[in-house]
Each structure stands twice: as C-alpha cells, then as structure tokens.
Amino acid sequence: MAASTRPIILAILSRGKDYGYSIIQKVKDTSGGHLEWTDGMLYPVLQRMEMDGLIQSQWKLSRENRPRRYYTITEKGCKELASELVSWWNIWQALTRLSAPIPVED
Amino acid sequence: MFDLEKEIRKWKKSFQKYEVSEDGLVADIELHLRDAYNAQRQEGLREEEAFLRAVAQVGTAESIAAEYNKNRIVRLNRRSPLRPGRFMPALVWNYIKTALRAIRRQKGYSLINVSGLAIGLAVCMLIILWVVDEWSFDRFNTKANRIFRVYRDESATQKNSTSVLTPPPMAAALKSDFPEIVKATRFGYWHRQLVTYKDKRFNEPGFRHADPDFFAMFSFPLVKGNPETIFSNPYSVILTEKTAAKYFGEEDPIGKILTVNNSFDVTVTGVIHNESLNSSLEFDLLSPFEILLKESIGEDNADNWGFNSFGTYVMLEPSASAENLNQKLAGYLKKYAEEDTDELVLQPLTDIHLFSNLGHDLHNRGDIKYVWIFSALAVFVLLIACVNFMNLTTARSANRAREVGLRKVVGAGRPQLIRQFFGESILMALFALVIALFLLEFLLPLFNTLSGKQLTSAWRNNPALLLGFIGLSILTGISSGIYPTLFLSSFQPIRILKGTMSPSGANPLFRKALVVFQFSLSVFLIIGTLMISRQLSYMRNIDLGFNREHIIHLSIHGELHEKYGAIRERFLQNPDVLHVTASMSLPTNIQGSPGTPMWEGRPPEAKMEIKADFVDYDYIETFEIPLVEGRSFSREYSTDAETAFIVNEEAVRRMGLEKPAVGKRFGFWSIDGQIIGVMKDAHFQPLHQKIDPLVFKMFPGWLRRMYVKIRSNNVSATLASMRKAWDEMNLGYPFEYRFLDEDFHNLYNNEARLGKIFQSFAALAVFIACLGLFGLASFFAEQRTKEIGIRKVLGSSTAGIVALLNQEFLKCIAAANLVAWPIAYFVLRAWLQKFAYRTDIAIWIFLLSAALGLAVALLTVSLQTLRAARASPADSLKYE
C-alpha cells in the first residue's frame with residue numbers, strides 16, 4: 001500500500017464524511033487512475049485507520065436508500081493529517097532542493 | 001440468463017474460508033462491488049461483462065483477506081493480554097470464604113496447624129519477652145552509656161584472672177587524676193548487717209554503701225527525700241520501697257532511726273524505687289560509704305590501696321572516649337601501690353549483666369550464651385510448627401487443586417494465587433497469634449519458675465512488643481506458607497481439570513525430609529536433656545573427698561564475731577552437736593589468693609597459684625577431710641594459730657616437696673611457718689574446675705561462717721534446741737541457718753536450669769512434631785483406604801496392615817536419629833568440656849533417645865493406622 005494512501009484518505013475525509021466506494025474513487029482520481037492494487041484492498045486500510053483512531057465509521061441509509069458505511073475524520077485524524085502535511089512539505093522541499101532547478105515554463 | 005444475486009452469493013462464498021472476513025467487512029466490500037457494477041452498467045456494459053469487471057476491480061478474496069490479516073495481527077499485538085489486577089477487591093470476600101471453607105472442611109488439620117503454630121509462637125514470644133528483659137538491664141539509667149565499672153585485670157599474676165573488687169581510695173583518685181571522669185562512686189558492702197527498728201530486726205544482706213555521686217550517676221527514682229541533701233549526713237540511709245514497707249508499713253519512713261548491728265544509728269533520708277527496674281546494682285538499703293569506713297573496716301583503710309573489696313563506678317564526660325581512658329589507665333595502679341601489677345579496665349555499665357564474666361562479681365548475672373541458646377531453641381520449636389503447616393497443607397493439596405485449576409482458567413495468574421495462599425497462611429498465623437497470646441498469659445508463671453525471672457504482663461502496654469509479635473506471626477505465616485503456596489500455585493489447570501494429575505504428588509522426598517528434620521530436632525533435644533541430667537546427677541552425687549552431710553552454717557558478723565567462742569561452747573553442750581567450726585569462705589567454692597607462697601627449696605622463679613581459706617580448729621574434723629600426712633590444727637600446740645599451714649596433695653605435688661612434707665617450711669601472706677598436715681585432694685570448687693593447690697590457715701579475725709555438724713537422727717529436735725540456746729544467749733541477732741548440702745546442690749543451678757529448659761523444649765518439640773505426624777498419618781491412611789480394604793479382603797491381618805502403614809514413618813524417624821546423633825555428640829562434647837570432671841557420653845543415652853522418639857512417633861502414628869486397618873473392608877469398597 002502506498003505511503004500516500006493514508007494522508008490522501010485523511011485529506012478526503014477532512015472535507016466531510018464519505019463512504020467507501022466514493023472515497024476510493026477519489027483516491028483513484030488523485031493518483032491519476034493508476035493503482036497497483038485493487039479496490040477491495042482499501043477496506044483493510046480504512047479498518048486499520050479506524051483501529052488507530054484516525055477515522056470513525058457509521059452505517060447510514062444513503063439518499064438512494066442504500067445502507068452505507070460513512071467515515072468521518074476524528075480530531076486525532078486531523079492532527080495526523082496536519083503533521084503528515086508538514087512532513088510531506090518537508091520531503092517536497094528536500095526533493096526540490098536536491099534536484100536541479102527546473103525553469104517553470106508552461 | 002445472468003442472475004446478479006446468485007453470482008454475488010457465489011462471490012461472497014470465496015471469502016468464507018478466511019477467518020478474518022467477518023460479515024460486516026464482507027458487507028462493505030459487497031456494497032463496493034454493487035457500486036462498481038452499477039458504474040460499469042452505466043458505461044453500457046452487459047450484465048455479465050459488468051459483473052466480471054467489477055469483481056476484477058474489487059480484487060481477490062485472498063489478497064483482501066491478507067490485508068485484513070495484517071490488521072488482525074496488529075490488533076492482537078497491540079491489545080494488552082488479559083491481566084488480572086494486582087489486587088481485586090471484589091475477590092476479597094471470596095478469598096475469605098474459601099479460606100474459611102478450607103478450614104471448616106478440614107477441622108482436624110486446621111486444628112493441628114493452628115495449635116502447633118500457636119504453641120510455637122507462644123514459646124517464641126516468651127523468649128522475646130525474656131531476651132528483652134535481659135537486654136534492658138541498666139538501660140533505665142539515662143546516662144548509662146557514660147557509666148563504666150572499673151575492674152582489675154590480674155593476668156600479670158594469675159592467668160585469665162579478673163576482679164571487680166577495688167580499693168576504697170580509687171574512686172576519688174581517678175576522679176581527680178582524669179579530668180574526663182566527672183563522677184565516681186564506690187559501691188560495696190562488708191557483711192550482712194543486723195538492722196533494728198523497734199521490735200523489728202532483720203539480717204540485711206542487701207545493705208550497701210555508696211558515695212554521694214551515686215545519685216548523679218544512676219537514675220533510680222527517688223520516691224521520697226531531697227536528692228540534694230540525701231547523703232549530707234554520713235549517718236543516713238535510703239531504703240527501697242519494699243524495705244521501707246518491711247520496717248515502717250504505712251508510716252512515713254523519712255526521719256525514722258534504724259539501729260545497725262546494735263551499735264550505731266542511721267536516719268532514713270529517702271525512699272527509692274527499684275522494684276520494676278532491672279539493675280545490675282542490687283541493694284535494699286543504701287548508706288554513705290563513710291559509715292563503712294568508720295564502723296566496719298576502720299578509717300585508716302580509706303587510703304589503703306591494697307584493700308580490694310569494693311566496686312568502683314565512674315561516669316565520663318559526654319565527649320570522652322572510654323578507649324582513650326583505658327589506654328591512659330595502663331600502669332595506673334603502680335602510681336599508688338608500687339607492687340600492684342594489675343591493670344585497670346573500664347567495663348560499660350550496660351555490658352555488666354550479659355557480657356560480664358569477671359571474678360568476684362555477683363553470681364546472678366545473665367549470660368549472653370543463654371540468650372542465644374534460648375533463642376535458638378525457641379526458633380527450633382517454631383520451625384517444627386512451620387514444618388507441620390507445610391506438610392499438612394501440601395499433603396491436603398488435592399482438595400484445593402480443582403479450585404486452583406478453576407481460578408487459573410477464569411484468569412487468575414500465578415502471582416494472584418500466590419498472594420491468595422500467602423494470605424491464607426498469614427490468616428492462620430494471625431489466628432494462631434490470638435491463641436498464642438492467651439497461652440502466653442498462661443505460660444508466663446511457669447516460665448518464671450523455670451528461668452528464675454519475674455516477667456509480667458507489661459508487654460500488653462508495650463506497642464513495640466505487640467507490633468513485634470504481629471510481625472513475628474506474619475513472618476511465621478509467610479515462612480510456613482512458602483512451600484505450599486509455590487506448590488499449589490504451580491498446578492497446571494489442564495492436567496487438574498482433566499483429572500490426569502493426582503495432586504497428592506507433592507514431592508514425597510521433600511515431605512519426608514521435613515519429617516526427618518522435625519524429628520532430628522526432637523531427638524537432639526531429648527539427647528541433650530538426658531545428657532545434661534546425667535552430668536548434673538554426676539556432679540551432685542560425686543564423692544567430693546569430704547563429708548558435707550548434716551552440716552548447717554550460720555553467718556557470723558557484727559557482734560556475733562566476738563561471741564563466736566561462747567556460741568560454739570553453748571552449741572557443743574548439746575550431745576547431738578558433733579563439731580562446731582568456722583571459716584572465711586564456704587567450702588563450695590574456695591577462692592584463689594593472689595601471690596605465690598614461699599616454700600622450702602622453692603626455685604626463685606617458681607610460681608604457684610593457690611586457693612586459700614582461713615579456718616578454725618576442728619575444720620578438718622567437721623568435714624571429715626582425710627589427712628595423708630601429719631595432723632589437724634590442734635589446741636595443744638600453741639603455735640598452730642600463728643604459723644601452721646595445712647595444704648593438699650596437689651600443692652605438695654606442685655611445690656615438688658619430698659615426703660614427708662610435714663615439717664617443711666612454708667610461708668604465705670608474709671607469715672613464715674611450716675606445714676603440719678597434708679590433706680587428700682578434695683573438691684572445694686565447683687566441678688568445672690580442676691582441683692587446685694589449696695592451703696588452710698587459722699585466722700580467727702577473718703572467720704565469717706560457722707559450721708555445726710549434727711547427728712543425722714533427730715535433726716529437727718537438734719535444730720530446735722539450738723534455736724533455744726541461741727535465743728537464751730540474747731545475742732540480738734536472729735537464728736538464721738542453711739544446710740550446707742543445699743549450697744552444694746545450688747552450685748549447679750545453672751546446669752539444672754539448662755536441663756529444665758532443654759526438657760521443656762524437648763517436650764514441646766516432640767509434642768508439636770507428633771501433632772504433625774498424627775495429621776500426616778491420618779491423611780495417608782485415608783488416602784489408602786481402598787488399598788487397605790483390598791488387602792484385607794485378600795487376607796491381610798490388621799497387624800500386617802499397621803506394619804505396612806507405619807513402615808514409611810519409622811524409616812523417617814530412623815533417618816532423623818542418624819542426623820541427630822552426630823550433631824548431638826559434637827555439641828554435647830563441647831558442652832562437657834566446660835567441666836573438669838565429667839561423665840562420658842554414654843551410647844545408651846543415644847539409644848534411649850532414639851527409642852523414646854520412636855516410641856512416641858509409633859504411638860502417634862498407630863493411633864491412626866490402627867483405626868484405618870481395623871475398618872471393615874466392606875465400607876471402603878462398597879462404592880465405585
């Protein structure tokens with residue numbers, strides 16, 4: 001599982017509650033549609049994040065009258081996301097400093 | 001025709017073989033699958049195609065389950081294992097209930113356990129009380145650590161000889177010569193004194209004399225009188241409360257006049273409390289030392305440095321060091337008495353009672369050795385009781401095994417079980433403590449007669465002692481519970497609950513070892529008891545070499561001294577009085593005299609230590625001392641009172657005199673004379689000592705004891721007529737006499753006491769050990785009920801079964817003897833070394849002890865085994 005998966009899920013949930021299929025679609029979108037693993041393997045990741053207390057889940061009926069497990073981010077999750085952002089930022093900076101400067105031309 | 005629901009059910013089944021895929025988790029993924037399917041359908045795919053795409057998108061059950069499994073392992077690792085709390089209050093009541101149930105279900109065993117522990121604890125507590133009492137001697141003095149007794153080390157002239165007796169001028173001289181000595185007092189007595197108040201007259205052996213500093217040094221509380229002026233008048237006296245009551249009853253003693261020896265008066269200036277105080281200084285009446293000088297020994301002796309007859313005590317400055325002073329004291333006596341080669345040494349006041357073994361000291365001192373012996377014996381008895389507890393508890397562990405198994409199954413850890421069982425054994429010990437406290441009250445008077453102490457129930461008001469007792473019982477609970485606890489808590493629940501384990505399998509070797517240990521202690525104590533009583537009876541019945549029977553003796557002091565001749569004549573008028581004589585010291589223990597005598601042909605460097613006594617005419621005849629040469633002191637020779645000496649054979653041998661020794665020149669105490677007789681060697685000292693050279697010399701001025709030999713018949717009539725004669729002579733002193741053989745008997749009171757103590761402890765040890773044996777025997781008999789039944793059915797006799805059951809125990813007892821014998825042999829041999837004259841260590845003592853131990857054990861065990869063997873086999877085999 002890619003190291004970025006968990007921060008991405010947190011980031012998605014920080015915008016509001018969401019359910020599994022939708023989260024996974026958004027993860028796929030952000031990673032440009034390339035995933036080395038299948039959709040089902042994200043569910044253990046969500047379980048693990050719930051075990052760690054980063055997110056919470058609740059079964060609810062959706063508008064289409066389907067039962068769905070909605071995930072919400074917890075306070076601990078928010079903090080985790082913040083610190084993940086910091087470390088990702090640091091990594092980004094380190095990478096940019098180490099690489100040759102690339103002129104921005106668009 | 002594609003059936004979506006059927007396909008989904010089939011798909012879900014692929015998850016079933018993975019234990020992690022719980023329904024909830026599969027439901028998540030199913031929803032996902034349906035969402036994905038719908039999305040594919042919207043893209044326009046056919047049903048079947050859409051489903052296959054959706055399934056591929058979701059992934060295989062295997063890979064998803066593998067991911068879930070990772071989470072499961074994380075969760076397992078992260079969860080703290082089920083661990084019961086250190087202490088679960090909810091279980092306390094359950095613990096108490098199970099403990100009480102265990103006690104109730106095994107009343108007999110619990111009784112044995114508790115009573116054994118109670119006896120052991122009671123004995124230990126008695127010994128603690130006794131040790132505390134011995135230890136407390138002189139410590140009531142607030143300045144005890146600054147007070148020292150000055151004694152003489154005489155080893156320059158006599159090997160290992162010491163003396164607590166010092167001359168009158170020493171206290172004052174020390175005080176003025178050494179600035180660090182701030183107070184000093186003499187403490188002593190001369191004779192017993194006759195004290196009269198109106199019609200009350202008593203001989204007072206406890207009349208002592210001291211200097212005024214005495215009150216600044218020692219902390220005897222003054223009940224009446226002014227401490228500042230108490231000795232300002234030299235003719236004053238202070239009394240103990242008991243003595244004051246004896247003379248004055250309820251009257252106020254202050255200012256009353258007592259007459260001493262019918263010759264001088266003293267005024268009571270104070271009353272002192274010393275009843276409950278343990279003091280090495282003993283007195284009933286205390287007067288200034290000056291009286292002693294003026295009235296008894298003469299004032300010219302006040303600066304006589306050779307008059308070594310009194311105790312000297314000094315008190316140092318708080319900062320002064322006794323060691324430094326001891327060094328400074330080296331050679332001090334030479335300054336005042338040139339020929340005195342003795343050294344002075346300071347002995348701490350608090351050492352006097354337990355650590356003192358100095359010459360001329362009082363005889364009723366304690367002895368640290370006895371403290372050790374007592375303590376060791378008490379611990380032995382307690383240990384035996386603890387062993388009972390261990391043995392019975394582990395033997396009965398079958399009854400607790402299921403409980404242990406169940407507790408473990410529902411989550412009890414071993415530490416919890418250990419705490420539970422320790423709690424139980426401590427509970428038992430505390431229970432035993434309660435009984436032991438009652439026992440203690442009951443045993444105190446018995447113990448007092450045994451130990452010669454006056455212990456009281458004052459411990460009840462002593463929180464430190466009470467806490468100590470509780471501590472002792474908790475310690476006992478822990479030490480007796482340690483093995484059962486570790487054993488019980490080690491049970492494996494699976495084996496117990498399956499029923500494959502027979503929990504009586506507490507290591508039988510260990511249990512046997514414990515029984516052997518108990519009985520070797522018991523046998524050791526029995527051997528000790530027998531051996532001590534054998535030595536004692538040997539000493540009391542040995543032929544001393546002279547006749548001590550039917551001799552009474554009286555003290556002659558004060559005016560009696562001058563009237564001795566008249567009393568003697570008067571007594572001799574009675575035809576039942578055979579001889580009357582006198583001497584300075586009792587023939588039970590004649591002391592050595594410093595210096596070496598002169599004799600004919602003595603090499604210049606020759607030295608000889610010699611015991612000496614001053615005697616009167618007829619001494620040899622009264623005691624029927626056989627003479628091997630020469631004659632006794634006789635009135636027919638006018639020179640006998642001045643220059644005649646009688647020595648014993650040992651003295652002749654040591655001096656190397658050729659026969660006949662009679663007529664040879666001999667001199668002592670600067671008296672030049674000759675030997676007129678040689679006595680056969682006889683025991684004038686306790687049998688601890690070898691017969692030493694001995695010399696008798698007549699010296700009328702130093703006679704202190706009168707001896708009257710009476711006919712063996714009509715003893716009471718003779719005594720009555722002597723009393724009548726005494727009263728008629730109007731001597732002014734009461735007729736107080738003692739039988740000499742009693743004094744000889746009392747010489748070995750220490751040994752007699754040791755014997756009694758061993759006897760009591762042996763009895764206790766055997767009793768407690770048998771209690772345990774009884775419990776074990778009944779347990780094993782019970783365990784083998786079926787076996788016994790079958791044996792009987794097959795034709796075994798009762799006797800045969802008893803023999804079978806007893807066998808194991810008898811082996812243990814036999815082993816115990818093997819352990820005890822060598823130990824007893826070496827210990828007793830060491831003890832017997834103290835006696836110059838001793839019995840042999842007879843083998844029959846060992847055999848008898850073994851037989852005794854065996855007999856008692858056999859009796860105990862047979863009580864149980866016989867019952868088991870007699871039981872009808874029908875009863876035991878009826879079931880099953």
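**Notes on the predicted two-chain model**

1. B:Glu204 counts as buried at 2% relative accessibility, where buried stands for under 20% relative accessible area, exposed for over 50% and partly exposed for what lies in between, with a 1.4 Å probe and protein chains only. The side chain of B:Glu204 meets that of B:Lys246 in a salt bridge of 2.9 Å, N to O, the term being used for a side-chain nitrogen of Lys or Arg within 4 Å of a carboxyl oxygen of Asp or Glu. This pair links distant parts of the chain, with B:Glu204 in strand 5 (residues 200-204) of chain B and B:Lys246 in helix 9 (residues 241-248) of chain B, 42 residues apart. B:Lys246, at 33% relative accessibility, counts as partly exposed. Helices (H or I, at least four residues) and strands (E, at least two) are DSSP runs numbered from the N terminus.

2. The basis should be kept in mind: this is a predicted model, in which local features need pLDDT of at least 70 and side-chain atom pairs count only at pLDDT 80 or more, while totals for chains, interfaces and linings use all residues. Residues are numbered from 1 along each chain as its sequence is written, chains are lettered from A and ligands numbered from 1 in the order in which they are written, and side-chain values use heavy atoms, with hydrogens and water left out.

3. By the rule for salt bridges, the count over all chains comes to 37. One of them joins the side chains of B:Arg534 and B:Asp840 at 2.5 Å, N to O; the two are 306 residues apart, B:Arg534 in helix 19 (residues 508-541) of chain B and B:Asp840 in the loop between helix 28 (798-832) and helix 29 (843-870) of chain B. B:Asp840 is partly exposed, with a relative accessible area of 48%. Elsewhere, salt bridges that share partners join B:Glu5, B:Lys12, B:Glu30 and B:Arg34 into one network.

4. B:Glu5 is partly exposed at 38% relative accessibility, whereas B:Arg34 is buried, with a relative accessible area of 18%.

5. Chain A comes to four helices and three strands, following the pattern α-β-α-α-β-β-α along the sequence, and 37% of its 106 residues count as buried. Its three strands form an open sheet of order 1-3-2 with antiparallel pairing, two strands being taken as paired if DSSP finds at least two bridges between them. The edge strands, each pairing on one side only, are strand 1 (18-19) and strand 2 (55-61) of chain A. Strand 2 of chain A pairs with strand 3 (residues 67-73) of chain A over seven bridges, and A:Gln56 stands opposite A:Thr72 in strand 3 of chain A.

6. How does chain B meet chain A, and how many residues are in contact? Taking contact as heavy atoms within 4.5 Å, 24 residues of chain B touch 23 residues of chain A. The area buried between the chains is about 2,000 Å², of which carbon and sulfur atoms give 53%; this is the accessible area (1.4 Å probe) that two parts lose on being put together, summed over both. Two salt bridges are counted between the chains, among them that of B:Asp28 with A:Arg69 at 2.9 Å, N to O.

7. Strand 24 (residues 705-710) of chain B is mostly covered, six of its six residues being buried. B:Arg705, B:Tyr707 and B:Lys709 point one way from the strand, and B:Met706, B:Val708 and B:Ile710 the other way. Strand 24 of chain B pairs in the antiparallel sense with strand 14 (residues 551-555) of chain B over five bridges and with strand 15 (residues 577-583) of chain B over six bridges. B:His553 stands opposite B:Tyr707, and B:Ser583 opposite B:Arg705.

8. The structure holds zero disulfides over all chains, a disulfide being a pair of cysteine sulfur atoms within 2.5 Å. The sulfur of B:Cys124 is 8.8 Å from the closest cysteine sulfur, in B:Cys386, and so is too far for a bond. B:Cys124 is buried, with a relative accessible area of 6%, and B:Cys386 also counts as buried, at 4%.
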